[in-house]
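The exercises below are to be worked with the sequence and the coordinates open side by side. Each task is followed by a solution that goes step by step.

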Amino acid sequence: MEEPDVEPAVTVVPGADPAAGQLCFAWGPTEVLVCETRFGRTGGSRASRVFVFRKDEDIYIDALRKLFNESHGIFLGLQRSEEKLAGKSRKAHLVQVSKNYRSVIRACMEDMHQAAISARDPALQNQYSTQVPILSAMELIWNLCEILFVEAAAAGPLLLRLLDWVRLHVCDVDNMVREVLSSEDPSKHELFWNVVDAFVLQGRMDEARHLLSKEASANPMSMNMYRILDDLMEKMPVPSLNNMQTLTEMELKWQHWHEECQRYLQNGTFASSSHMESICKILLGDEDAILEKKELMTTWYHFLVTRLLYSHPTVKPMELRFYAQSSMDLFLGRECSPEPLDTILMAAFAFEIHEVIKECSIALSNWWFVAHLTDLLDHCKLLQFSLWLYCCAYLSLWQLGVSYFDYCPEYGRAYLELHIERIPLNTEQKALKVLRICERRQMQEQVRSICKIMAMKALRNNRLGSALSWSIRAKDSAFATLISDRFLKDYCERGSFSDLDLIDNLGPSMLLSDRLTFLAKYREFHRLYGEEQFSEAARLLLMLLTSHIAPCFFWMTLLTDALPLLEQKEVIFSTEQTYGLMRCLEDLTAGKLDKQKFQDDVETMKVEMLRLALARNLARAIIKEGTLEAS
């Protein structure tokens, strides 16, 4: 990029009548301005005054020369290397080029900050100070575009990249850390818990644990709570950058860890420490608990990444737009209008590249950023699809757009995948149409995502049958487990199942998860009992209890279901089976499975009734089996 060494000259066009007006030109680096001035004759002829207007005010700042010159070298290097690279090496090279651009922006920002500090002229100081937040916003936007468009991080690594993004651009916590650690007793410092919370909100677990160890050392009474919280933080599953685990494995590990955190919170383990209890709630992804730390996050996109870390760690790129919008609404409030930076970041999270470029063109005071970002995205072969998607923005014609993409031999499938992601799934009928399009083309990732989105919508509307059906179609075992638990909890509250037709006809789909298998088998137990096949029902019930696939909260319900069978005139449970039921009851009451306490009279009465019925049945079974052996 070239720039003038001096201010652009004003050219006065001679020969015009001064009374009528003169035509003047101001030549700048990106535009030619023409203005006509009219002045009355006051004597001899004289040149007209000219007012020069230009948009690119800041390109004349000396401190920005370094940015322009160094980025020009990066630009030329990218053009020259284009033909030599292909495949994975090409992508890695483009990511490195993007990082080089960011490095130049950051270096310029730091130079500008130092220049503002050392400047003696107030006007110059103001000029430099104004540029620092602009350059900071440029780096923030560029970094996000690098993650989403250039590197195109997939689910799993995506969250790790976003965490790095937040840690790099939200630096207030580092100033607090220095202040706390420099004090005589860090654990007594007024900002101690703010620093711990800030580390947790950024997913910096090792640093948070290190600080918590100081609290444990200074306060031995909290040692037990500290050890439990430290263990939870240490065991927290995080996505892998080296693809050593699948998303399903990660989701299952995270679900088990999440349940463990939930148990400790419900048991009141951290009740005596509001700070540790608040951290445990954050680990569980409690939005209210996270929003209580709003001042520590300062921005809605920090809140977004924290929310994803503790609620949706395997978020997919196509799902970001929904979480980003809801996070901004929750953090800013719907009555607040977003700033230009918010609009640009939201467009990036929505993968609206055309919109990102347009909003940057409007918001930024020069074309340097837009020109170089557009060139990089063009080398990533992304700009063409942004125009395709812009053309497909007429939602009523989305099905026609699919046919056109089918006949784009090189990039058609990639464009179609991105087009599919932007189709709003307003109804189940429309979702099924989109689903059929994806299934015909073996677009498995899109099929899974659509089913998961529809399952989430159905679950939010308490339509458990529809939610379970969509989760089965998505082959999402973790979500099927969650919905199965909802079915079982509803049964505990109401005493009956909804959507019996679906549960009765699960077939091989029940094998998707252990909890779904349990749900189907428990429903089979009800059917056998209704058909008075008591012996078969008893065997199935005992199998459900001893196989440990039943959730802990459902054990009492299973044991209570045994009462009518224990009280039958005919002995249903054998001696061995009765002993098995007794062991299950004792495991439950001793708290070996779910640490549950029986605090109300109803639960206590159920336990006593079960013990009495089991004892009677045991006596009857022994007599019956002894009689049979004697005969």
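**Exercise 1.** Which are the buried residues of H13?

Solution. This is a predicted model, in which local features need pLDDT of at least 70 and side-chain atom pairs count only at pLDDT 80 or more, while totals for chains, interfaces and linings use all residues. Residues are numbered from 1 along each chain as its sequence is written, and side-chain values use heavy atoms, with hydrogens and water left out. Helices are DSSP runs of H or I with at least four residues, numbered from the N terminus, and buried means under 20% relative accessible area with a 1.4 Å probe, protein chains only. The buried residues of H13 are Trp-300, Tyr-301, His-302, Phe-303, Leu-304, Val-305, Thr-306, Arg-307, Leu-308, Leu-309, Tyr-310 and Ser-311. Twelve of the twelve residues of H13 are therefore buried, so the helix is largely enclosed by the rest of the structure.

**Exercise 2.** Which residues have the most contacts inside the largest nonpolar core?

Solution. A nonpolar core is a set of buried Ala, Val, Leu, Ile, Met, Phe, Trp, Tyr and Cys residues joined through side-chain atoms within 4.5 Å. The largest has 115 residues, and those with the most contacts inside it are Leu-148, Leu-162, Trp-165, Leu-283, Trp-300, Phe-349 and Phe-369. Helix H3 (residues 122-150) gives the most to this core, with 13 residues. Apart from it lies another core, of 72 residues, which includes Ile-472, Leu-516, Leu-540 and Leu-581.

**Exercise 3.** Leaving aside its neighbours within four places in sequence, what is Trp-300 in contact with?

Solution. Contact means heavy atoms within 4.5 Å. With those neighbours within four places set aside, Trp-300 is in contact with Ala-324, Ser-327, Met-328, Phe-331, Leu-332, Asp-342, Leu-345, Met-346 and Phe-349.

Key. Buried means under 20% relative accessible area, exposed over 50%, partly exposed in between (1.4 Å probe, protein chains only). Helices (H or I, at least four residues) and strands (E, at least two) are DSSP runs, numbered from the N terminus.
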